[in-house]
Each structure stands twice: as structure tokens, then as C-alpha cells.
Amino acid sequence: MQNISTGISLQPSIPKKKHKKILLAHGGGGRLSNDLIQQLFFDRFQSTLLSTAHDGAMFSVPKSRLAFTTDSYVVHPIFFPGGNIGDLAVNGTVNDLAMCGAEPLYLSAGFILEEGFPIDDLERIVETMKRATETAGIELVTGDTKVVERGKGDGIFINTSGIGQIPDQVDISPQHASEGDCILLNGNIADHGIAIMSEREGLEFETSIQTDSAALNGLVGTMLQASKNIHVLRDPTRGGLASSLNEIAMASKIGIRIEEDKIPLAEEVKGACEILGLDPLYIANEGKLLAFVPEKDAKAVLQAMQNHPLGKNAVIIGRVVKEHPGHVSMKTFIGSMRIIDMLTGEQLPRIC
Amino acid sequence: MCLAVPGIVVEIDKSLFPVMGKVSFGGVQKSVCLDWIPELAIGDYVIVHAGFAISRLDENEALESLKLFKELEEKLFGQDEAQ
Amino acid sequence: MKYVDEFRDQAVAKNLADEIAGIITRPWRIMEICGGQTNSIVKYGIEELLPQEITLIHGPGCPVCVTPLEIIDKAIALAGRREVILASFGDMLRVPGSEKDLLSIRAEGGDVRIVYSPLDAVTIARENPDRKVVFFAVGFETTAPTNAMAVSQAKKLGLNNFSILCSHVLVPPAIEVLLSSPNNRIQGFLAAGHVCSIMGYEEYFPLTKKYQVPIVVTGFEPLDILEGLRLTILQLEQGRSEVENAYKRSVTRAGNKAAQKLMQQVFFVGDRKWRGLGEIPQSGLFLHPEFDTFNAEKIFDLGEIRTEESPLCESGLVLQGRIKPMECGAFGHECTPENPLGAPMVSSEGACSAYYRFQRHTKA
């Protein structure tokens, strides 16, 4: 954050020209920068740490293990059914902390804006981020804003990093899956990817499907109350369910077997996948998690999930098996076995 | 080749050329060219490829096929019982 | 989803498989002509349900796989031009040309856009009057009329910035080439259900008569494929060689007359080169001269395109059904979906891709 001398009033007496679009000067560190940051962030977020406007936020850490994560958000379109890049930027990082079993504490946000980006859009996005931080219970404490020349950035890129604290006895890792574990999923897959695709030029379709972007830390909290013995948590974002399962199978060196008829899918999402020739297993989610839980704890955890608003459709989709370590297999609708491989490149709509 | 999916016709606009309409696939609605299917009515099912209805889905034939499959089950089940 | 889910029923699938096992008495080799059927067979593990006596051979019915290398290279050359917007079905984007593919041209700044319908490409042309829109029109008889409609629409609208790069192929000539080959071991065919939804199945009667093989028009869901196989095996066991329709909910004998009429108005039949199979007489569709202003090959000067296939790629033999993908030396080594040497490793219904994605672990 820019160092603001205490001598300068943050309420300028000269009426400001209200800019409609981001200018290079907004990232320059001068008057225009300061005004932007004041208007967008300080006035909006209720954070002492943030408003201190130091080069960095300073705080004490609890005497427990910490989780620390970062992610960058470059999604297009920026606004999509049910949300925008701001939701993803907060919830995505909160969820990465939650997948470590951590309760979220502090968030940073770095913006790279393209010259000419509409300030109204930026306000909308930041307002969304504010609401998302409140829902998740995480505090935005530091950030940065840069502007690049027109043509050198895709409107807006956001990077967020997050710090959280991990309760004692919680030991979650993608390497901890073990034979016999049940694999739990909290609800319908592929909503987010299909919501994005419905707005893409050349593929538009009418649907009521919205992104499932949500902060999962509350859900994880209730799951951990039911059992501290959860082995793995993972949010299947880019690459979908299939990619996450493959990563875990490889990290833990175990086999995974899931059942096609157990995987929850909204009817409209199914329809969209059918007409575009897409496999929902590979489509992104932003409010879903997979949990690997020892069999004896599975029922309790499942019930805890089903009692939570973000887990009403929670279901057991499969188990960890000793066959084919490092790979994922699926029992198809017609009862045969099929290997679910890693995604190759981007999944593209097809007519063949 | 030829990914084509059945959907239900929810809108037809004969004033356009070619005739266009909306088809619903499990609730997702897409704009589809209906020009090649004569006497199409709302509520009919069509098979859609690359944004075009290539045939009307004959619901009687569909049910007939499913019925034949059921009869097959009874025949096999009957054989099992007899054994 | 109605008329989809019912044809994926597990119990019925097992019954059909049991019925097939009950009637079969000796080995039979059956080809499914259509890549969509290949995709379904491998995706649903249908071979796992079938008795050992049946060998399924995957046919060349993958328009992505058989589009000649020259055409891919032309599309890539066009996409690289500043004034061109290249619109394409998603299927074509990763097919390797001599040096690159369309996806890498996009990464280099080429304006390549995915569309769902050829009419979307016409819309792009209307909305971008200062650019030249080229639609990559690839497909069998199912897709050809949709591409014909795009050209017909563009003509009606008087657009002067729309053209198609055309690579259409026809199924029956390909079947004839396979059956007439001295190496042929295919004893029965599952014909492509959606091609036949457009064309009907009249064209297959001369083939069954001449070559004495059963041809059964088959759909794409697991139960459709099993039923198509059941009828084919029954014919083979009974010594019959007839045309049968196992996809009656979509296919009639005459087919879709309106679509056929449009195809005839816009295209004529000519000799066509198939990637991996060589030239097949009277097997391609080309734009009538009256549509020259919509023919990308006529309006753009593309200079000399020098093509070069990978010497390691054996996709021709795979497409003819003479080897299985795993029998190609490059399979899984130099040739993978991340780094494909030939088209069948790219297309979702290419046999190589299907085997790589779904089956290589069990075969290993």
C-alpha cells in the first residue's frame, strides 16, 4: 500500500472530477491512485489494518499451525450468471484455506487493471468482494493496484492470498487418502463452468444455471466437528472432479473408484453438457468440495454436510480401493468400468 | 460423427426464413433451425445437431423400442425361471 | 433427460448383452462406421459386456480424422491473416497440421472462434462487416446440410464477407472402399444413425446385395448400440445380409428430404481425398460454381501449401480398421493427446484418443 503522510487530508477540498474509466495515472501512486484506493477500499471495508495504509498489515499469529495460499483470477467473462470475478477471488482463496482445514483470518488483494476499464465495473466487483469477505468471515488487510496500458491486460486480473489457522488434531493432506476411505461430495457438479459457458460468444444458451461460487469454510467447520479424522479435502475447480480425484490418487498412491449414477448433476447442466458434447466430470466448480473420510466416520460427516445449506445434496460418490493405484475408475450407468483420465488441455465443445 | 441430442420444441417462429425456434434440453433452451421438419408443433421432440433439427423424434417408435426391450427381459427372465 | 436416460438403462443393457451371448455361436468382426458410436462404445465400456466372439472394429467415420492435411493447413494459413476471423466447430482446434494447429495460431494472435452452429458464423459475419469470416465447414452428411444452409443464408443476406472452407465426406463410398479391399475382414456394419437421419438408408441396399454383409442403422446410446449389434449378429448367424433400421425413432427409409434438397442445391459430389485413406471416388461434396464467392479456396490466394505428415503416424491403418491404436508404434509414446501426431488422437471420437483416454490402463 502507498505510504500516506499523516499531514495530508484524505478529504480534498477541491471537487474531484469523477472519472469513468481507469487511467494509467490510477496506478501511478499519486493523487489519483490515492483517491481510487480511498474510494474503493478504505471507505468500504471496515478494517483497521487496511485503513492504517501501511506498506504491510501487521498482526500477531495464534499459537497453531498456519495455512497460507495464493491464487490469481483471470476469468472471462468478468460478470457471469450469479456472480463475478470478485466472488471467485475471495471465495477461491477462502476455499483453498478451508481445504487445509484452516479457519480463514486475513486476505490480501492485488489488482492489475487495464487502462480504460470502467470504474463502475470495478466498484461492482469490489463491493462483491466486500460482501464475500463478510460472509466468509475473512478480513481484507492489505492490497495493491497497478494499471497497465490498454491492450496489455484483459480488463482486470486479481490476485488474492490468504492466511488461516489450523485447529489442533486436524491433519489434512492430499497424501493421506487410504484404502477404504469413503469419498463425499457436497452437491451438484459443473454448475460454474456451464454458467460461464452460457455467456460465451458463439455458444450462448438460455439457462437458469448460476455459478455455485461460495465460501466453504463454514461447511468444513461443521464437518470437522463431526469428525477430526478427515483425511483429504479438495475443491474441484479447474479441471473438475476428474482432475482433483486424479491428483489425489497420485499424491496418495491409491486407487479411486466412483459410481456414475451417484454423481449429482442438475438437469439443465446435463442438458447443456449433452448438446455441447462436454463431460461434466471435467467442468469447473467453485462451491464444491470432496472429502475423503474413513468409513467409520463417513455417516456422521455426511449428515453434518446434509444439515448445512451448502451440503443439502451431499452424497458418497465412491471409495478408495487398492486396485490401480494412482488412477481413477468409474462404474458407468450400464455397469461397466471405465478409467477416468486426467484432462488434456481445455475441454472444447464439439459437434462430432 | 454427429453429436445430436433430443429436445422438446418450446417455440416456433414461422415468420422467419429459415424457420427458427427454441428447443429445450433438460431445461436449457437453445435457438434451433426447424426449417427441415414439416408440420412441427410445440411439444414435439426433435433431434438436434449443430443447431439444426435433423429429424422429428418419433415417440411411438421410441416407446416401441423400449417395449421390445422389456419383452426381452421377460423372455430372458422366463427362461431363467424355466431352468 | 427424456429419450436419453431410458436408453442408458443398466438392466436392459445386461439383458441385451445376455441375448447376444445367447445367439452367438462363432466369432464375428463388426465395424461401427461412426466416430460418435466409437466414442459411446469406449465411454460406456460396451465391449466389456459383449461375448469374446465379437470383435469391434472402429471405422473411419470421424470427419475430423479424415479431413485432408492440406485443408487443415489452409485453415491455419487463413486464421493467421489479420483480416480473417476463422470460425470453427471446437473439434477442429487441436487437429495437427503440418506444423501447428488452430489453437496455437490463436495463441499467436489469430482470430479463431468456436461456434456451435454454422449459422453463428453467419451472425459473426453480419456483426463484423469490415472483417472476412471464414467458416471451417467439415463433416459428413449430417453436418453438410447445416453448412449448406449457412451458405444459402449468406447469399440471401447479400453478405460479401462470408465464405466456407469446405471438407465434406460421404459414408457409403467409404464403406464400399473398405468392403472391396482384398484385405477386408469386416463381416457386418453398424451404419451411422444421424447420417441416416438426413440421408435415409436407400443407399445401403446395393452394398448389402453386392458384398453380402448385413448393415444395421444404429443409434448412439448404449442400448442403441447393443440393439444394433444384436440385430447384426442375428443376421450373421442366420446367414442374412440385409439393411435393417435399429434407430427408428430418428431414421426413416427416405430420410430428411428438405435437408437433402438443400445439399443438392449448394453442393455437388466429386472425388475426395481422405486423410489416412487416400482418394475415394465420388466421396466428397464441393460448392457449386454459383457459390464461388462463398468458397474460401476460390477467393483467397493461399499460395503453395506444402504438407507433411508425421512419418510415425499410422492413423491410416487405424482408420481402415486394420490395426488397433495400441498396435501403432507411436501410441502413448511420441503420440499422446497432449502431443498428437495424427487426427485420431485428437478427436473425441478418434479411435486413438478413445483408447488412450478410456482403455490404455486395462490393456497395459
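Which pattern does chain B follow when read along the sequence? Chain B runs β-β-β-β-β-α, with five strands and one helix in total. Helices (H or I, at least four residues) and strands (E, at least two) are DSSP runs, numbered from the N terminus.

The model is predicted: local features need pLDDT of at least 70, side-chain atom pairs count only at pLDDT 80 or more, and totals for chains, interfaces and linings use all residues. Residues are numbered from 1 along each chain as its sequence is written, chains are lettered from A and ligands numbered from 1 in the order in which they are written, and side-chain values use heavy atoms, with hydrogens and water left out.

**Chain B**

Chain B is more spread out than a compact globule, because its radius of gyration is 18 Å, well over the 12 Å that the globule rule gives for 83 residues. This radius is taken over C-alpha atoms, and the rule is 2.2 Å times the number of residues to the power 0.38. Along the principal axes, the C-alpha atoms of chain B fill a box of roughly 60 × 25 × 25 Å. Of its 83 residues, 51% count as buried (under 20% relative accessible area, with a 1.4 Å probe and protein chains only).

**Helix 1 of chain A**

Helix 1 of chain A spans residues 31-42, and its buried residues include L36(A), I37(A), L40(A) and F41(A). Among the elements that cover the buried residues of this helix are helix 2 (48-51) and helix 4 (119-136) of chain A.

**Two helix pairs**

Two packed helices are described by the angle between their axes and the distance between the axes. Axes are lines fitted to C-alpha atoms, for helices over the stretch in contact, and angles run from 0 to 180 degrees between N-to-C directions.

| Helix pair | Angle | Axes |
|---|---|---|
| Helix 3 and helix 4 of chain A | about 30 degrees | 7 Å apart |
| Helix 1 and helix 12 of chain C | roughly 15 degrees | come within 10 Å |

Helix 3 of chain A is therefore roughly parallel to helix 4 of chain A (an angle under 35 degrees). In this pair, V90(A) and V94(A) are among the residues of helix 3 of chain A that meet helix 4 of chain A. By class, the contact has eight nonpolar, four polar and one charged residues.

Helix 1 of chain C is likewise roughly parallel to helix 12 of chain C. Residues of helix 1 of chain C in this contact (heavy atoms within 4.5 Å) include L16(C) and I20(C). The residues of this contact divide into ten nonpolar, no polar and four charged.

Definitions and conventions
Parallel < 35°, antiparallel > 145°, perpendicular 65-115°, else oblique. Nonpolar A, V, L, I, M, F, W, Y, C, P; charged D, E, K, R; others polar. Buried < 20%, exposed > 50% of the residue type's maximum accessible area, 1.4 Å probe, protein only.
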